[in-house]
Amino acid sequence: MSEQEQQQPIFNVERLYVKDLSLEVPHAPEVFLSQDAPNVEIQVHTDSKKLEEEHHEVTVTVTVTAKLPDGKVLFLNEVAQSGIFRLANIPEQDVKVLLGIACPNILYPYAREAVSSCITRAGFPPVVLMPINFEAMYEQQQAAANAPAAGNA
């Protein structure tokens with residue numbers, strides 16, 4: 001066995017941080033007088049990029065938009081929660097799975113807390129985000145990425 005074959009796989013969280021945080025309440029203070037229930041739309045996106053040989057940045061971006069029935073935006077909140085992860089001695093196909101599933105699972109609770117806290121501090125009731133199945137999300141992204149290639153074959 002070579003020395004590399006004897007090395008154990010490494011998966012470490014090196015740093016967790018908020019990469020971007022924004023909140024807009026474009027129609028304040030009038031929206032605080034409205035008694036109408038808002039329509040809340042939530043979008044979640046993940047992204048990763050290689051920083052160095054063993055380090056990767058993964059970002060989970062959550063966008064929450066609340067609109068009143070008349071179309072006025074009550075608030076728009078976006079949180080990009082990121083982390084730097086060290087992955088070593090892991091096969092490339094497993095690295096993709098870790099970056100697409102395991103890392104977002106670590107980051108998402110921090111993003112959920114940032115969304116809830118930010119919206120509450122703006123004077124609105126908290127928005128509690130439901131858990132997300134990042135495995136299913138990853139599989140959908142992979143299927144979508146492979147669909148054009150399959151159509152050209």
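Trainee: Which residues is F75 in contact with, leaving aside its neighbours within four places in sequence?
Mentor: In this predicted model, F75 is in contact with L23, E24, V25, V64, T65, A66, I119, F124 and V127. Contact here means heavy atoms within 4.5 Å.

Trainee: What makes F75 and F124 an aromatic pair, and why is the pair called tilted?
Mentor: Ring centres must lie within 6.5 Å. Those of F75 and F124 are 4.9 Å apart, with planes at 45°, so the pair is tilted.

Trainee: Which parts does the pair of F75 and F124 tie together?
Mentor: F75 lies in strand β4 and F124 in the loop between α2 and α3, so the pair ties together parts that are 49 residues apart in sequence. Both residues are buried. Ring pairs also link F32, F75 and F124 into a cluster.

Trainee: Why is the pair of Y108 and F134 called edge-to-face?
Mentor: The cut-off is over 60 degrees. The planes of Y108 and F134 stand at 70°, with centres 5.5 Å apart, so the pair is edge-to-face. Y108 lies in helix α2 and F134 in helix α3.

Trainee: Why does I106 count as partly exposed?
Mentor: Buried needs under 20%, exposed over 50%. I106 has 26% relative accessibility, so I106 counts as partly exposed. I106 sits in helix α2. Beyond its sequence neighbours within four places, I106 is in contact with F11, V13, L16 and F85.

Trainee: Which residues have the most contacts inside the largest nonpolar core?
Mentor: V62, V64 and F75, in a core of 28 residues. Helix α2 gives the most to this core, with nine residues.

Key:
Residues are numbered from 1 along each chain as its sequence is written. This is a predicted model: local features need pLDDT of at least 70, side-chain atom pairs count only at pLDDT 80 or more; totals for chains, interfaces and linings use all residues. Side-chain values use heavy atoms; hydrogens and water are left out. A nonpolar core is a set of buried Ala, Val, Leu, Ile, Met, Phe, Trp, Tyr and Cys residues joined through side-chain atoms within 4.5 Å. Buried means under 20% relative accessible area, exposed over 50%, partly exposed in between (1.4 Å probe, protein chains only). Helices (H or I, at least four residues) and strands (E, at least two) are DSSP runs, numbered from the N terminus. Rings of Phe, Tyr and Trp (its six-membered ring) pair if their centres lie within 6.5 Å; planes under 30 degrees apart count as stacked, over 60 as edge-to-face and the rest as tilted.
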